[in-house]
Structure formats: structure tokens, C-alpha cells
Amino acid sequence: MGQAMMTAIAVEGGRGGPEALKPVKIPRPAPGEGQILIRVAAAGVNRPDLLQRMGGYPPPPGAPDTLGLEVAGEVIQGSGRWRAGDRVCALLGGGGYAEYAVVDSRHALPVPEGFNLVEAAGLPETVFTVWANVFEHGALQPGETLLVHGATSGIGVTAIQMAKAAGARVIATARGADKAARARELGADLAIDASAEDFGPRVKAEGGADVVLDMVGGDYFGRELDALKMGGRIVFIASLGGGEVVLPIFRLMQKRAVITGSTLRPRSADEKAWLAAAVEGQVWPWIASGRFRPVIDRTFPLARAGEAHAALEAGDHVGKIVLTCT
């Protein structure tokens, strides 16, 4: 009997634009020691996927070449705490844009009660990223102020809601009055239209920020440092506006500021397992109590992954874009 096959999305030619994403038939993965096999119902689309499609951000050793860092679906073959039939969402090193995926059983979490699998697929990558960067590296505390850019992105929407659930004040920036209005609807205490107003002086006038979640870099950094409170923390997770910044050392010393940043995908399996446990213990109760819910902008069938990438690149989405396997 031949090996079972499945549909997955490949990058034609190894790299390219959204149109390079094509459905192909590849062997269905077999779970190894400590792994579970998931029949994928939905897979989140994230900016690192765009980077990988264009030839950057390669998968870590041992991870599939197929794109896709988060999925939700049904366990087909269990391990650890999971049994066949369980509904889970999971953080992957790769392989999410496919009908089946394997993952370390410790990196899967139960689908929250009342959530469908599309909503659940929009949780792992953004929730893990925000938890690691805002709450661990950034050490955001109740009563402190978080400044977050890209307020209507998947990360932005998640950061606003998680920070509010934790009892923090949130200042968000977005490009356009409509996006700023959406950020306020999602819970931001103040939303600044960065295309019409310099956010730096406004944040400073509002009392400053204790933690900045920065996915822009470039010339945003100087304004963030100026608006930072004493002992504040700036955490980088991307550099969409420029990969290098000018660091005024004396200003850094005056503020007693901490500049840090991280990536999620290359972390060890044990570190991701530790993060998963922290997220389940801290964030899942926020979800259960209704203080946080993922915002799904739109969905695309798996075979139309290229259209999903084009939509993400266009930047007019609010929340997550998700692929569905039906």
C-alpha cells in the first residue's frame, strides 16, 4: 500500500510573489516520538510566511519547508495529553498550509470553549508572540502603559486586547482614521492616526509609555525613546520601516531604558513548550472570561493561499487572515 498523500501549498521556483503559491500533492507527514498528527481545518497567515515565500526566514532544522506557523483542527493520532478526536490549535515550526500537520504535543492547546476552528487558528502565533514580547521581555504590569504600532494587524489586535485584559493602559497607532477608530473599538484607550499626527509628542503628552511593542523600527525608534517613561522597555519584533536605528546612548542612560527583541520560530522545542504552558495558564482564562477574542478579517480556501498573501501585503485587513481546509 502506497504512502498517503495530501494537498499542501508549495512556493513554485522556491521563492516569488503571491502568485508563486500553488497547491501540490505531497506525502502526508507521520508523527514522530512525542508528536501529534492534526487534520488541519484552518491555518493562520502571518507576516513571517511572506518573508519565507520571498526567500527569507527559513524554517528551523527539522521543520517542514511548507509555509504555515499555526493551525487548528482535529487530532488524528495522539500523544501526551492528546487523544484522537480532540480539537486543538497549535504553534508550528512550519507545515501549516496543508491538509495535515504534525507538531510536538506540548505545543498544542485546547480550542477555547465556544470558538470555531477558524477563530482558534488565529490564536497561536500572535498570542505566543505577544506573551513572549510584551509580558516576558517587556514585563508589562497592571496600570502601566503599552504603546503598540500597527493596531489593526493580527499582532496589534492581539496586543491591545491582551494588555487590556492584564489591566494595562493602551495607546495604539494606526495609519488612517478608520483603523484608529477600530483600535478604539478593540479597547485601546487612545488611538493615534500616525498618517495625520506624529505619535511621539502625543504619547509624551499623554504621560509616556512603559512598554513599546515595535514592529516598525527605522525612524520610529527615536520618537519612542523620547516618549518612554523612566525605566521603560522597547521590544522589537520586526523592522518594517527600517532594520537599523540611531541609538542616542546618553538618552538611553537618562531613561534607564531597556531595548530588546526576539523571534519566536527558532526557539527550542522545550522553550516553546514552556511558553505554551504559560499562555494556557495566563491567556486562556482571559479568553474564557470574554476579555479577549481573535478578530478574523477574512478567510480563503487553502488552494487560494496566494490571494491570502496578496491581501495581507495590501495591508487593509483588521485582524487575522486565515486559510481553510474543507
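Which element gives the largest share of the lining of the second largest pocket? I opened my notebook with that. Strand 6 does, with 5 residues. I keep in mind throughout that this is a predicted model.

**Entry 1: the second largest pocket**

I looked up the volume of the second largest pocket and found about 430 Å³ of space. Its lining has 28 residues, and the closest to the centre are Gly62, Ala63, Pro64, Gly93 and Val102. Two elements give two or more residues to this lining: strand 6 (100–104) and helix 9 (269–288). I sorted the lining by residue class. The second largest pocket has 15 nonpolar, 8 polar and 5 charged residues in its lining.

**Entry 2: the largest pocket**

I went on to the largest pocket, which holds about 1,100 Å³ of space. I found 43 residues lining it, and Arg47, Ser153, Met215, Ala238 and Leu240 are the closest to its centre. Next I asked where the lining comes from. Helix 1 (47–53), helix 3 (124–137), helix 4 (154–165) and helix 10 (305–314) are among the elements that each supply at least two residues. Strand 9 (169–174) and strand 15 (320–324) each supply at least two residues as well. By class, the lining of the largest pocket divides into 20 nonpolar, 17 polar and 6 charged residues.

**Entry 3**

Leu247, Ile249, Phe250, Met253 and Ile259 make a nonpolar surface patch of about 510 Å². Which helix gives the most to the nonpolar patch? Helix 8 (residues 249–255) does, with 3 residues.

Isoleucine 249 sits in helix 8. Its relative accessibility is 54%, so I noted isoleucine 249 as exposed. Methionine 253 is in helix 8 too. At 53% relative accessibility, methionine 253 also counts as exposed. I then looked up a spacing for methionine 253.

**Entry 4: salt bridges**

How many salt bridges does the structure hold? I noted 22. Side chains of opposite charge can pair when their charged atoms come close.

Glutamate 280 lies in helix 9, and arginine 81 lies in the loop between strand 4 (70–77) and strand 5 (87–91), so the pair ties together parts that are 199 residues apart in sequence. Glutamate 280 is partly exposed, at 25% relative accessible area. Arginine 81 is partly exposed, at 48%.

Is glutamate 119 buried or exposed? Glutamate 119 counts as buried, because its relative accessibility is 14% and the cut-off for buried is under 20%. Arginine 293, at 37%, is partly exposed.

Aspartate 316 and arginine 298 form a salt bridge as well, with the closest N and O atoms 3.2 Å apart. Aspartate 316 is in the loop between helix 10 and strand 15, and arginine 298 is in strand 14, so I noted a link between distant parts of the chain, 18 residues apart. Aspartate 316 counts as exposed at 52%, whereas arginine 298 counts as partly exposed at 28%. I also found a network: salt bridges with shared partners join Arg169, Glu197, Arg202 and Glu206.

**Entry 5: positive phi**

I ended with backbone angles. Alanine 139 has a phi near 50°, a positive value in a residue other than glycine. Alanine 139 lies in the loop between helix 3 and strand 8 (145–148). With 29% relative accessible area, alanine 139 is partly exposed.

Arginine 256 is not a glycine, yet its phi is positive, at about 50°. I placed arginine 256 in the loop between helix 8 and strand 13 (258–261). Arginine 256 is exposed, with 58% relative accessible area.

Key:
Residues numbered from 1 in each chain as written. Predicted model: local features only at pLDDT ≥ 70, side-chain atom pairs only at ≥ 80, totals over all residues. Heavy atoms only, no water. 1 Å grid on protein atoms, 1.4 Å probe; cavity = no way out; pocket = protein on both sides within 12 Å on 5 of 7 lines; lining within 4 Å. Points joined across faces, edges and corners; volume = space filled by probe spheres on them. Helix = DSSP H or I, 4+ residues; strand = E, 2+ residues; numbered from the N terminus. Nonpolar A, V, L, I, M, F, W, Y, C, P; charged D, E, K, R; others polar. Patch = residues over 30% accessible without salt bridge, like charges linked within 9 Å, V, L, I, M, F, W, Y side chains within 5 Å. Areas by Shrake-Rupley, 256 points an atom, 1.4 Å probe, with all protein chains shown as cover. Salt bridge = Lys/Arg side-chain N within 4 Å of Asp/Glu carboxyl O. Buried < 20%, exposed > 50% of the residue type's maximum accessible area, 1.4 Å probe, protein only.
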